[in-house]
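Subject: Structure handover

Dear colleague,

Please find the structure below, together with its sequence. My notes on what was found in it follow, grouped by region so that you can read them beside the model.

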Amino acid sequence: MRVDIGVLHGWPIGVSAVVSAGLGILLARSDSWWPADDDHAAVLAKTRLYRPLHLVILGIVLAAAAALLFPDAGAAPGFGSMSEAGSLSDAGHSADIGSVDRLLLALSLGAVAAATPYLAVVDIVVHRLPDRIVYPLIGIELLTFVLGQLLGESAIWGLGLIAGGAGALFFGVLYLSGRVMHARTMGLGDVKLAFVVFGVPTLFSPWAPALVFIIMMLIAGIAALLAAAVKRSLKATTIPFGPAMLSGMWFGSVLGPILL
């Protein structure tokens, strides 16, 4: 199946980058508050992985790239249509996307891009996903989905709500199952982050969340094997799952419209 990929030309790319820059700087300036733990804040301040300026720049790059690569044609109902031959037509290009949709997409992508580097680094260093970053991020994404559903011209917003909720529910079941069986599965922070990780890719393609799940599990599996090789023990190996989830989210978002 051939997919005709358009782009979000013009101001949405700039808005995404500006939103990411603003939120990234805010996170950098408040890094004594959002860890919610003095020991964690001290550890972050000492590690070479935590360099706020670098994280802000990376967030801006992620936001601009995501907006640039957004599949303007055929991402979901309202952004394109399926032809009889099975390929996506150009009918849903930029002229059919409302300004409200574009603005909300820029806000959504910019916010997630700004938070991604911070969440990944913090999870790697202290194995925690700070609630003071995750909860506001969930709030921003939930707000964009609801406003998009009420004011936008596309059906992707409702799909985002459904996929995000289903992802959080699924991960919640895995978390509770692990607690009941005393098995290591994932942290509660991963369950919360799942709403974003599965909701945002749906804006790119209705089927992207499936690809996100596959990619994140592959990344987590490879990371676990590498860590086990270093420690020479798979049983004693624990890895942060957040970076795998976030990596899977971005790769699945961009690749979903192309591969699925």
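**The salt bridge**

K192 and D131 form a salt bridge, in which the closest N and O atoms are 2.8 Å apart. Because K192 belongs to helix α7 and D131 to helix α5, the pair ties together parts that are 61 residues apart in sequence. The two partners can also be described by their accessibility: K192 counts as buried, since its relative accessibility is 17%, whereas D131, at 32%, counts as partly exposed. The structure holds 1 salt bridge. Please keep in mind while reading that this is a predicted model, and that the values quoted in this email are computed from it.

**The chain as a whole**

The secondary structure of the protein chain comes to 9 helices and 0 strands, so that, in the order of the sequence, the pattern reads α-α-α-α-α-α-α-α-α. The chain has 260 residues, of which 48% count as buried.

**Helix α6 and what covers it**

Helix α6 runs over residues 156-181, which makes 26 residues, and from its first C-alpha to its last it reaches 37 Å, close to the 38 Å expected at 1.5 Å a residue. Its buried residues include the glycines G158, G160, G164, G167, G172 and G178, and among the others are I156, W157, A163, F171 and Y175. Which helices cover these buried residues of α6? The cover includes α4 (99-126), α5 (131-151), α7 (188-199), α8 (208-231) and α9 (242-259). Just after α6, the backbone at H182 takes a positive phi of about 55°.

**The largest pocket**

The largest pocket holds about 750 Å³ of space. It is lined by 28 residues, and those closest to its centre are T185, M186, G187, I239 and F241. Helices α6, α7 and α8 each supply at least two residues of that lining.

D123 has its place in helix α4. This residue is buried yet has no salt bridge, and the nearest side chain of opposite charge, that of R128, is 7.4 Å away. Leaving out residues up to four places away in sequence, D123 touches R128, L129, D190, P240, F241, G242 and P243.

Apart from its neighbours within four places in sequence, V126 is in contact with H40 and V43. The C-alpha atoms of V126 and P240 are separated by 8.8 Å, although these residues are 114 residues apart along the chain.

H127 is in the loop between α4 and α5 and has a positive phi of about 55° although it is not a glycine. Is H127 buried or exposed, or something in between? At 40% relative accessibility, H127 counts as partly exposed.

**A positive phi at A36**

Most residues other than glycine have a negative phi, which is the reason for listing such positions separately. At A36, phi is near 60°, a positive value in a residue other than glycine. A36 has its place in the loop between α1 (11-29) and α2 (38-46), and it counts as exposed because its relative accessibility is 53%.

**A66 in helix α3**

A66 is found in helix α3, which spans residues 52-68. It is buried, with a relative accessible area of 2%. When residues up to four places away in sequence are not counted, A66 touches L109, F204 and W250. From C-alpha to C-alpha, A66 and A113 are 8.5 Å apart in space, while in sequence they are 47 residues apart.

With best regards

Conventions:
Residues numbered from 1 in each chain as written. Predicted model: local features only at pLDDT ≥ 70, side-chain atom pairs only at ≥ 80, totals over all residues. Heavy atoms only, no water. Helix = DSSP H or I, 4+ residues; strand = E, 2+ residues; numbered from the N terminus. Expected span 1.5 Å × (residues − 1). Buried < 20%, exposed > 50% of the residue type's maximum accessible area, 1.4 Å probe, protein only. Contact = heavy atoms within 4.5 Å. Lys, Arg positive; Asp, Glu negative; His and termini not counted. Salt bridge = Lys/Arg side-chain N within 4 Å of Asp/Glu carboxyl O. 1 Å grid on protein atoms, 1.4 Å probe; cavity = no way out; pocket = protein on both sides within 12 Å on 5 of 7 lines; lining within 4 Å. Points joined across faces, edges and corners; volume = space filled by probe spheres on them.
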